[in-house]
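Please open the model in your viewer and keep the selection panel at hand. The tour goes from one selection to the next and says what is found at each stop.

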Amino acid sequence: MPVRLWRTPLDIEKVKLPKAEIHITKDQCNGCGYCIQYCPKKVLEESEEINARGVHPPRVVDEGKCIVCGFCTAVCPDFAIFVVEKQCEGGCYV
Amino acid sequence: MNIAGSVDCEGVAKFAAGLPHVVLAKDNRYTCSDQGQELIKSDVKEHKLNRVVVASCSPRLHEPTFRKACEEAGLNKYLFEMANIREQCSWVHLHDREAATEKAKDLVKMAAAKAALLQPAEEIEAPIIRKALVIGGGVAGIQAALDLADTGYKVYLVEKEPSIGGTMARIDKTFPTMDCSICILAPKMSDVGHHPNIELLANSDVVDVKGYVGNFHVKVLKKPRYVTKDCSACGECIEVCPVIAPNEFDAGLAIRHAIYTPFAQAVPSAYIIDMGICLNKDGVIVCDKCMKACDRQAINFEMKPETVEFDAGTIIVAIGADIFDPSAAPNYGYGKYTNVITSLEFERLINAGGPSGGHLIRPSDMQIPQRVAFIQCVGSRSDKIERLYCSNVCCMNTIKDSLLIKEHWPETEIYVFYVDIRAYGKGFEDLYKRARKEGVKFIRGLPAEVIEDRKTHNLWLIGENTLQKKLYEMNVDMVILSVGLEPRKDSEIIQRLLTLSRTQDGFFMEAHPKLKPVDAATGGIFFAGCAESPKDIKDSVTQASAAAARSGILMARGKVTVEAITPIAYPENCNACGLCTKVCPYNAITLNKELKRIEVIEAACGGCGTCAAECPFGALTQNHFTDEQIVAQIDAVTEQGAEKKVVAFCCNWCAYAGADFAGVSRMQYPPSVRIIRTMCSGRVAPKFVERAFARGAAAVLVAGCHPGDCHYINANYQTQKRVERLWKRMEQQGLNKERLQLLWASAAEGERFASKIREMQAMVEKVTLEDIENAKKVFEKALGGG
């Protein structure tokens, strides 16, 4: 497209995008890092803490960026992470 | 007077009468008219003439006219020759009658010398494929495709965007009639989608075109949509897609998702996934929300790009124009101040189907503005931003826009800052008057600067009213920049693929500005719409229908004659070295190893003649541009006063056309140059250059198309090699290699040609008799044969 798209779209506030609630069962994590590596929105990172299995479980950087694709749940070999859509009154807005 | 103004035509005619082989010479006006042609015909019959030379305009203009007259008089058309004493003589030496007359005499002498050696020739006929390719699916491409398809021809319509419709689909209303733009376009778009004769290739790029008029072979890359034909456009997928981006169709004023349809009326109506933002990259399906939402299972992330190949007889180029990005004019603050918008953004705001539901709102606070200013000529008619041309549509577009505002919010104060208002078309003046009557204020003088009030986001315009000679400072709520049109960024790709020329402005150049306004110089290719120059919708549609008719003429005839300028082989001289087979751009020459000689496939030959220039044994020459004929021209130029002359070899398509263009534009240059026309600069054999020097020419110019623009694919690369070899030799022999010049000039670069001649003239004046003698000695051998 010829002209640069630089404006904030006028209808940006009307767009309903799902809001996420990320649940990590830290002690179940084996530290493989798949969830961090495969997250398309780069929502997760490795934390400093050490869990019961002696590895660094993931930590949420920005929950607002998560789009609830659920890929982390799908790739986790130890069922240590799952995401649910937040239910807010009157819908959730980004 | 066209010619007689600066050339003594009677004197030239008298001179011509005294030339060898000439039995009749006449000075006549308007020889191209019916009477003039009749005169030629009756003279041919009465005097039993067997060759005809006309000294007048460029052969690129009227050679076909005179050839036809000769044919009607019973003379083979290849026995006709033209001396170009208008574009390349009288028009470029307006103020030196004596020198112009001398040059005209030389040009006639050259033509007569060549004419004496002309041979009759028969043209071969090639069939035309009755299918057309239309590149670009804006309103021009749509109209051209529909016209051709309705005539009964198969049409391939290639559009790079996911939907056809082009710029017209984004406009709210059209001028001067205030029709709803998409309402009149959408039915045509849907006709294209349903027409049995049209194959629509949207989201596709033309990647390769080979062949020639009547027989093009086209390759199109169909980019994947990731949504199959099963899509019913229900929109369920959009609801669930979690990725958003600014919507191009709404100029970024609204959002779209990664899976989307460009706009409601899009054709084809199938959805598309923007892989640039979709989460599923490199075959890993991370997010399957759209797949789950799609009842018809129309989403397929495995889809791969596909190459479609087909043959076409004619091509219509309707690629449209880009819209000027006003951030290149920083004094208006576009991109910095949110309430400065472009006229295209305005169209989306005022459109009922647009992001604001048809309310003209200020992006800063979503309020309806009370005072609005339009600034004209943003990206047009300006030295500073290198857009010298008028964009043709912006004045009327602004007038229409101002009336649209008045229609919805009559109280709005509207100011239009302009340079000139150009309301030249049918019904335009009425619309202009109506706008003034409705209270739109027109102020002559563009603002020098737009400044934003940081608190209110209102805008201050500062400039001079040039009618009142007063400075103004005006405060408005919103500024609309009336942006111009510019050539598509990817015009260059199309230019290369189809070997077209572009003007200095960057738009495609037509074969003749008056008489062939929709034809490209390359046979079988036509232009429609803004690709050729900025146009409004009506003109685009008119030109599209014209282009369809022109290409229809060719296809209805069903065959095309190929000019008899193919090579002539003399097998007895052939050494079977195979050099010619290597330089032929069309692979039209093969080496028969058993018989130890070459074989020419005439139908595949493009007619550049570079094989003839390459052959070291004289086993090949080119019909109508034989070695003898060109040598005769060189000899005619150098017979007298050679030490002050520049012998120029110009290719028909670029350099010769550029020299013609210099004439049409009356660019003046020194009269020392004598141009010999060849079809391609690749025809210029080193021996021609050597012979010119051996006969004492002061300088030689070899001129052709820019590398990559050659009309014979790549034949001009041979030109470069040959000239470089000659330079090397000149250096080794202690000659000044400046005396041989190589110039790449396109058909639009008249000034480039003219300034080259000026530059060479300065050099020629420094060439001493001793230099001339030295060159004569070095190239002595070239005088043999010929």
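How far apart do the C-alpha centres of domain 1 of chain B and domain 5 of chain B lie? In this predicted model, the separation between those two centres is 23 Å. To see the two domains in context, colour chain B by its assigned parts, which are domain 1 (1-123), domain 2 (124-223 + 305-320 + 490-559), domain 3 (224-304), domain 4 (323-486) and domain 5 (625-786).

Next, select the boundary between domain 1 and domain 5 of chain B, where 20 residues of domain 1 are in contact with 21 residues of domain 5. On the domain 1 side, the elements that contribute two or more residues are α4 (86-90) and α5 (97-116) of chain B, and α5(B) provides the largest share, 9 residues. Coloured by class, this side of domain 1 shows 9 nonpolar, 3 polar and 8 charged residues.

Now move to residues 34-47 and 59-72 of chain B, which are helix α2 and helix α3, packed at an angle of about 35 degrees with their axes 9 Å apart. The crossing of α2(B) and α3(B) is right-handed.

Finally, display both chains and select where chain A meets chain B: 19 residues of chain A are in contact with 22 residues of chain B. The chain A side of this meeting consists of 16 nonpolar and 3 charged residues, with no polar ones.

Terms used:
Residues are numbered from 1 along each chain as its sequence is written. Chains are lettered from A and ligands numbered from 1 in the order in which they are written. This is a predicted model: local features need pLDDT of at least 70, side-chain atom pairs count only at pLDDT 80 or more; totals for chains, interfaces and linings use all residues. Axes are lines fitted to C-alpha atoms, for helices over the stretch in contact, and angles run from 0 to 180 degrees between N-to-C directions. Helices (H or I, at least four residues) and strands (E, at least two) are DSSP runs, numbered from the N terminus. A crossing is left-handed if the near helix is turned anticlockwise from the far one by less than a right angle, and right-handed if clockwise. Two residues are in contact if their C-beta atoms, placed from the backbone, lie within 7 Å. Ala, Val, Leu, Ile, Met, Phe, Trp, Tyr, Cys and Pro count as nonpolar, Asp, Glu, Lys and Arg as charged, and the others, Gly among them, as polar. Domain bounds come from an automatic or database domain assignment.
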